[in-house]
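Here are a few notes from my pass through the model, set down as numbered points. Have a look at it before reading on.

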Amino acid sequence: MSKVFVFDHPLIQHKLTYIRNKNTGTKEFRELIDEVASLMAFEITRDLPLQDVEVETPVGLAKSKQIAGKKLGLVPILRAGLGMVDGILKLIPAAKVGHVGLYRDPETLKPVEYYVKLPKDVEEREFIVIDPMLATGGSAVEAINSLKKRGAKNMKLMCLVAAPEGVEEVQKHHPDVDIYLAAMDDRLNEKGYIVPGLGDAGDRLFGTK
């Protein structure tokens, strides 16, 4: 069974409070999402392997550490996931960025893949799948399916806010994918929105309704 990590860092929790606030405007909302994504990236990369290196300082040789050649990929789920990418790239500028686009079939209400573009060396990369909201879990499950079909073997899922129902759905279908959250909320309402949540992340990021 995959593990669920909820980041309790004070800066993440403080900024999430403003993200939730319905009176936070588009510009500030976008900036806060960016900042929280950076802070979450700091936590999610905690287990990256290091290797010993020697570097020459102005004074002498130092035995130091650097990341051991781990290839990282970021895969935002379109469109709301885009709002978190820049914040992560500030910390990991060498990461490659892929994209997964999904829409909801009006008949079945199931997510349907309409666009996938990934780095060529899929099998060699550790991917962070990104979506601000993990509500029913349908989009996350389908996005991870899309990556696995193309050879991805190592993935993490990163979301701001989740409902227990969405977490359970991902764990049921992808027990090998750990989930990283800023908050685990109470439940889904009858429309499938996370309660208390933060509304529609895509609309709030891009100023649409």
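1. Beyond residues up to four places away in sequence, Ile-19 touches Phe-29, Leu-32, Ile-33, Val-36, Leu-160, Leu-198 and Arg-204. Keep in mind that this is a predicted model.

2. Now the core around it. The largest nonpolar core has 37 residues, and Ile-19 is among those touching the most other members, along with Met-40, Met-84, Ile-88, Met-158, Leu-160 and Leu-198. Elements giving two or more residues to this core include α1 (10–20), α3 (82–91), β10 (154–162) and α6 (201–206). The largest share, eight residues, comes from α2.

3. There's another core, apart from that one, with 24 residues; Ile-77, Ala-140, Val-177 and Ile-179 are among them.

4. Glu-142 sits in helix α4 (residues 138–149) and is buried, yet has no salt bridge. Which side chain of opposite charge is nearest to Glu-142? That's Lys-149, 4.4 Å away; a salt bridge would need the nitrogen within 4 Å of a carboxyl oxygen. Leaving out residues up to four places away in sequence, Glu-142 touches Leu-102, Pro-111 and Lys-149.

5. On the annotation: the unreviewed UniProt entry has a "binding site" covering Ile-194, Gly-199, Asp-200 and Ala-201. The lining of the largest pocket includes Ile-194, Gly-199, Asp-200 and Ala-201.

6. Asp-200 lies in the loop between β13 (194–195) and α6. With a relative accessible area of 29%, Asp-200 is partly exposed. Neighbours within four places in sequence aside, Asp-200 is in contact with Arg-79 and Tyr-193.

Notes
Residues numbered from 1 in each chain as written. Predicted model: local features only at pLDDT ≥ 70, side-chain atom pairs only at ≥ 80, totals over all residues. Heavy atoms only, no water. Helix = DSSP H or I, 4+ residues; strand = E, 2+ residues; numbered from the N terminus. Buried < 20%, exposed > 50% of the residue type's maximum accessible area, 1.4 Å probe, protein only. Lys, Arg positive; Asp, Glu negative; His and termini not counted. Contact = heavy atoms within 4.5 Å. Core = buried A, V, L, I, M, F, W, Y, C linked by side-chain atoms within 4.5 Å. UniProt positions renumbered as here; feature names shortened; annotations may be inferred. 1 Å grid on protein atoms, 1.4 Å probe; cavity = no way out; pocket = protein on both sides within 12 Å on 5 of 7 lines; lining within 4 Å.
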